[in-house]
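Hi,

Here is the structure I promised to pass on. Have a look at it first, then read my notes below.

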Amino acid sequence: MSIYKRAVELGLTIDNHESDLYLKSCPEADALAESEPNSQMFQFNGEFWWDIPFKYDPWWEQKNRDARVTPT
């Protein structure tokens, strides 16, 4: 199961920028993010978030759908 799907299943606060997955820091999010080698914590508006590059599944799913569309 992807880290995105695990975060959804756990009910974590999720955001994104394009393909990057953002998780609001909490004990469950910290454990997930720490298992990803390229994750980094950042602070935004006084809150801590994890940036996990290339792990926001919906972005990739849309990208795959777009790639299958052929011009007419």
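This is a predicted model: local features need pLDDT of at least 70, side-chain atom pairs count only at pLDDT 80 or more; totals for chains, interfaces and linings use all residues.

**What I found**

Residues are numbered from 1 along each chain as its sequence is written, and side-chain values use heavy atoms, with hydrogens and water left out.

Back to that pair. β1 (14–17) and β2 (residues 20–24) run antiparallel and share four bridges; two strands count as paired if DSSP finds at least two bridges between them. As a reminder, strands in a sheet pair through backbone hydrogen bonds, parallel or antiparallel.

Zooming out, the four strands make an open antiparallel sheet, ordered β1-β2-β4-β3. β1 and β3 (40–44) are the edge strands, each pairing on one side only.

Along the protein chain from the N terminus, the elements go α-β-β-α-β-β-α, giving three helices and four strands. Helices here are DSSP runs of H or I with at least four residues, and strands are runs of E with at least two, numbered from the N terminus.

How much of the chain is buried? Of its 72 residues, 28% are, where buried means under 20% relative accessible area, exposed over 50% and partly exposed in between (1.4 Å probe, protein chains only). The C-alpha atoms fill a box of roughly 50 × 25 × 20 Å along the principal axes.

Cheers
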